[in-house]
Amino acid sequence: MTENPASSVARVRIWDVPTRLVHWLIVASVATSWWTAERGDLELHRYSGYLLLGLLLFRIYWGFAGSSSARFAHFVKGPRAIARYLRSGSTPSVGHNPLGALSVVALLLLLLIQVTLGLFAVDVDGLESGPLSHYVSFEVGRACAKWHETVFDVLVWIIVLHIAAVLFYVIFRKQNLIGAMLHGHREYAEQPGSSIRFASVTRTIVGIVLAVALTWMIARGLELP
Amino acid sequence: MQMHVRFSTRTASVIALMAAMSFTALHADAPATPAEIQKARHDHYHALGEASKKVRDLIRSSKPDFAVLEQAAEHIVDASIDQGRWFPAGSGPEAGKTRALPAVWTKPGEFAAAQKMFSDRAPTLLAAVRAKDVDAVRRAFREVGASCKNCHDTFRAPED
């Protein structure tokens, strides 16, 4: 405590702009999707769903082609690594810790299932439907709509768990995960051994173009022009 | 005294028989139990939803299959006429689980007007289909859809 903080604290950039922006845009689009569904505004609900689909597609691409801290291969760990992390007293990680990785994978997977169900969902009157619903029968479309509701309930619980876990780290472990997801930097007691390799702007643009193009095609019902 | 009793027994038998016959006749006339009415109504609207989806799917294309489209549009017109009979008294929430609100029976004038909006607009859809005018079909379908929503907003409970 008496030491000069500048020499004892290492401020390290761990999250790139795309990862942070996608994270908070997912938050915004999930909130918008929930609100529009509650209000029965299915027109807006479809648009927020398309935004979410585009963000998920980009995030998946980024999980393979992005900065090292955003890559699945970098943070998805097996049960043994998770157990070791828990035994170590959850020492700060550079990027996602092995337990946080589970949260990321679970949320991405659930959101992807949720969006896919929405693409095929049909409302009870056959008047509102997702952009791919013409590929399925009324019965299948209705079943998708019902699962769309059930999966949302599961999603809410996983989101609550995710937020509770983050708050646990902020309050009890004094690790400011929320600040890191906002400005991209974290402070470590000492310079961490590993460092992040950041992806180029070109890769970001390629990802945006791919995600937008694929989302556009799906929103148009996957029909050739 | 004896005679009187025997006569009464016979009279009673005849009355009982007649009552049984008329009950059978009445029962044959009665359409269904409230639960059966609710089930039939649910099935009717399910089929209507299916027809709506068919129209919606077909008019994505600028060259839809007009024969299939016509079948669906005819189904919608028939339903718009028949629905007047789908809400007999006693088939509301008091008879079992239904999304039909009590307002259907407490505000019969408004309910009839809402149903009329549907039966007025549905023939426009069929006419546009028969004229093979896709843009007119799309417009008419939007109008019919709005008439569905108009009634649902007031007379159908939200999904739970």
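Analyst: Chain B has a mean pLDDT of 87, where pLDDT is the predictor's confidence in each residue, from 0 to 100, and 80% of its residues reach 70 or more. This is a predicted model, in which local features need pLDDT of at least 70 and side-chain atom pairs count only at pLDDT 80 or more, while totals for chains, interfaces and linings use all residues. Residues are numbered from 1 along each chain as its sequence is written, and chains are lettered from A and ligands numbered from 1 in the order in which they are written. For the model, the scores are ipTM 0.76 and pTM 0.83.

Chain B has six helices and zero strands; helices (H or I, at least four residues) and strands (E, at least two) are DSSP runs, numbered from the N terminus. Of the 160 residues of chain B, 25% are buried. A residue is buried if 20 or more other C-beta atoms lie within 10 Å of its own, exposed if 12 or fewer, and partly exposed in between, with C-beta atoms placed from the backbone. Contacts in chain B with a separation of 6 or more come to 66% from residues 24 or more positions apart. Two residues are in contact if their C-beta atoms, placed from the backbone, lie within 7 Å.

Helix 2 of chain B covers residues 34-58, and helix 3 of chain B covers residues 66-82. Two packed helices are described by the angle between their axes and the distance between the axes. Here the axes come within 9 Å and cross at roughly 145°. Axes are lines fitted to C-alpha atoms, for helices over the stretch in contact, and angles run from 0 to 180 degrees between N-to-C directions. The crossing of these two helices is left-handed; a crossing is left-handed if the near helix is turned anticlockwise from the far one by less than a right angle, and right-handed if clockwise. On the helix 2 side, the contact is made by His44(B), Leu48(B), Ala51(B), Lys54(B), Val55(B) and Leu58(B). Helix 3 of chain B contributes Val68(B), Leu69(B), Ala72(B), Ala73(B), His75(B), Ile76(B) and Ala79(B). By class, this contact has 10 nonpolar, two polar and one charged residues. Ala, Val, Leu, Ile, Met, Phe, Trp, Tyr, Cys and Pro count as nonpolar, Asp, Glu, Lys and Arg as charged, and the others, Gly among them, as polar.

Helix 2 of chain B also takes part in the meeting of the two chains. Nine residues of chain B are in contact with 10 residues of chain A. On the chain B side, two or more residues come from helix 2 and from helix 6 (134-155). Helix 2 of chain B gives the most, with six residues. This side divides into one nonpolar, three polar and five charged residues.

Buried residues make up 29% of the 225 residues in chain A. Chain A averages a pLDDT of 90, and 95% of the residues score at least 70. Confidence in chain A is lowest in helix 1 (residues 5-8), at a mean of 50, and highest in helix 3, at 97. Over residues 1-7 of chain A the pLDDT is below 50, and this stretch has one contact in the model beyond near neighbours in sequence.

A nonpolar core is a set of buried Ala, Val, Leu, Ile, Met, Phe, Trp, Tyr and Cys residues joined through C-beta atoms within 7 Å. The largest has 24 residues, and those with the most contacts inside it are Leu52(A), Leu56(A) and Phe58(A). Two or more residues of this core come from each of helix 2 (17-39), helix 3 (42-65), helix 6 (98-120) and helix 7 of chain A. Helix 3 of chain A gives the most, with nine residues. A second, separate core of 22 residues includes Val55(B), Leu125(B), Val129(B) and Val144(B). Val55(B) is also one of the helix 2 residues that touch helix 3 of chain B.
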